[in-house]
Amino acid sequence: MTAPAFTSSPAATATGPTPPDRGRTKSTLRQRLSPLRVLMAIVITLVFVSPIYITVVNAFKSENDIDNNPASPPLHPTMSNITSAINRPDQLLQLGLRNSLIVVLCSVALIIPLSSAFSFWISRRQTRTRAVILASLAAGLMIPPQVVLLPTIRILTILGLDHSYPGLILSNVGGGYFSFAVFVYVGFMRAVPSEVVEAARIDGASSLRIWRSIVMPLVRPATATVTIFLSLWIWNDFLNPLFILGPEQGQTITTGLYLSLGQMQINFGQMFGIMFLAGIIPVVGYLLIQKQFRAGLTAGSVK
Amino acid sequence: MTSPPRRAGRLRALRDDGGLRALAALGLALYAVFIVLPLFMSLHTSLTNANPLNASSQYVGLANYRQMLHDSELHSAVIYTLVLAFGVTIVANLLGFGFAVLLNRTSLSYRVLRTLAFLPQVISGVITGFVWQTILTENGILNTLLQHMGLISQPVDWLGDPRLAQLSVGIVVSWVLSGFTTVVYLAALQSIPQELYDAASIDGAGPARRLRSITIPMTAPATTICVTICMITVLKLYDIITVLTGGGPAFATQSAAQYIVQLAFTSDEFGYASAVAIALLAISAVLALTMTNVLRRREVNL
């Protein structure tokens, strides 16, 4: 949609700090109100994230404690929910996490080189060719996955890859994720000075070599954004693994939870224990790299 | 690549491009096979009575599209999806904007709160669905808390009553998308120069006036992004509803996206499912383009 937002590195501008002296000298009223304001912000934020709080505290409480007061912190902390989640005979978490990890790693490892090479190639084409191809890629961002799901399964069946991990990974690589990656890369590649590319060409470097040794290091923030978001989206994807993988091929973490917990009743403690463990990887990942995360979101959402 | 003996410059450039072009072509080919081709296949299937039980399918013209006019289950799914899309978009944008204004400070406590505010966006729809289901179910966490506080005497069936279930889905989806809008609005707020506010204060503008004349116009591009993304997200929403309510009770919370999947994989009506899918695509495209256009114009006028 709006291209200009890509031209500068979003990591630098999007989360740039506000001036520290904002309004401080002017309003003493504001200063006096500021503890109140923090308090209000804290209360509202805590209410907002209360479902996550409920999950975390109740994962470490006995069923009795949950019934008595679901909102209290774990006063008699117990690991039994966690251990029973890990020791499930169906290995729900271990297998799900392993399968999701495989799908994410393979998909991202393929999308990054293909989309960045494509972006470098297209960014040096004529404007008209570029506009046409980018417009058709833009459609990929908007098409509801349900529209292409049935034909995708048919194509995978023809290729002999239906109900298989390679099939799921291949459809990830060619799907809307590719569009997203291309849009992020194209934005960043506009900022690569053409002199650098020309100089390397005169020195006899091939396009492949220029892409690998010059362009890729220069667009590292784009690679970070693409890696982070594609990993998260593919990790959290539900529809494609549910129908492309099907029930007999083992489950990813999302479809595994749905297929094994959707049918049967388990108690709240076990439920929260499983959800806590299933959600912890993306959450910890986000907490570790949250700055790039939000910068990438702000830039990426300008698709 | 080994460097070839020097020939005409043009030839050399072409030859050197080979490796890169192969990679680029492979990427584009995969996109063509898994997005462009399926799109045309869906379009074609939507004109047939394709069904996995029949070996061959016949061309039926626009019959599937005519069938949509008389399909009341489809109508209620589309209406619910549209109401949900508009409702969630409005709520998530108001909440996100308010939240961003509240959290737009630099001290440590605000930075921690900002980190927390984005969390709903990180968690998968499946986990979100299960956690909220445990909270909202009849003997769930919310009713337990409300009963302990003496606010209700009988448990409220948040997911069992059709109206309440429709509302509950709206709340959960708004919750997820508010995390996203908060972060986008925060980034927009942080790009507004402080001098604008200072100058306005000197001219005697109060907080309400500054909000109307500076903050809202300056965050208009963020609004465009947030509104469009919220719309598209709800229109293709599948995972949260599937886990939270399964489309029930009595199909009250069934979304258009879910109805397509049900037609395709449970009822085996490939032709009709494709027609509905194409219709959903058309609705999404028209809505997204119209919204973007209107909001772009608003950006200029503000």
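Q: Is the crossing in which α11(A) passes α14(A) left-handed or right-handed?
A: This is a predicted model, in which local features need pLDDT of at least 70 and side-chain atom pairs count only at pLDDT 80 or more, while totals for chains, interfaces and linings use all residues. Residues are numbered from 1 along each chain as its sequence is written, and chains are lettered from A and ligands numbered from 1 in the order in which they are written. A crossing is called left-handed if the near helix is turned anticlockwise from the far one by less than a right angle, and right-handed if clockwise. By this rule, the crossing of α11(A) and α14(A) is right-handed.

Q: How are α11(A) and α14(A) directed relative to each other?
A: The axes, which are lines fitted to C-alpha atoms over the stretch in contact, with angles running from 0 to 180 degrees between N-to-C directions, come within 9 Å for α11 (residues 176-189) and α14 (residues 220-236) of chain A, and they cross at roughly 165°. Angles under 35 degrees count as roughly parallel, over 145 as roughly antiparallel, 65 to 115 as roughly perpendicular and the rest as oblique. The two helices α11(A) and α14(A) are therefore roughly antiparallel.

Q: How many nonpolar residues does the contact of α11(A) with α14(A) have?
A: Two residues are in contact if their C-beta atoms, placed from the backbone, lie within 7 Å, and on the α11(A) side these include Y177(A), V184(A) and F188(A), which face a set in α14(A) that includes V226(A), L230(A) and W233(A). Ala, Val, Leu, Ile, Met, Phe, Trp, Tyr, Cys and Pro count as nonpolar, Asp, Glu, Lys and Arg as charged, and the others, Gly among them, as polar. With no charged residues and 1 polar one, the number of nonpolar residues in this contact is 11.

Q: How far apart do the C-alpha centres of domain 1 and domain 2 of chain A lie?
A: Chain A is divided into domain 1 (21-86) and domain 2 (92-264), with bounds that come from an automatic or database domain assignment. The distance between the C-alpha centres of these two domains is 36 Å.

Q: How many residues of chain B are in contact with chain A?
A: On its side, chain A contributes 84 residues, which divide into 53 nonpolar, 26 polar and 5 charged. The number of residues that chain B contributes is 80.

Q: Is E73(B) buried or exposed?
A: E73(B) is found in helix α3 (residues 72-103) of chain B, and apart from its neighbours within four places in sequence it is in contact with F251(B) and Y259(B). Because E73(B) has 12 C-beta neighbours inside 10 Å, it counts as exposed.

Q: What is the phi of F251(B)?
A: Most residues other than glycine have a negative phi. F251(B), found in the loop between α12 (239-244) and α13 (256-265) of chain B, is partly exposed, with 17 other C-beta atoms within 10 Å. Although F251(B) is not a glycine, its phi is positive, at about 65°.

Definitions and conventions: Helices (H or I, at least four residues) and strands (E, at least two) are DSSP runs, numbered from the N terminus. A residue is buried if 20 or more other C-beta atoms lie within 10 Å of its own, exposed if 12 or fewer, and partly exposed in between; C-beta atoms are placed from the backbone.
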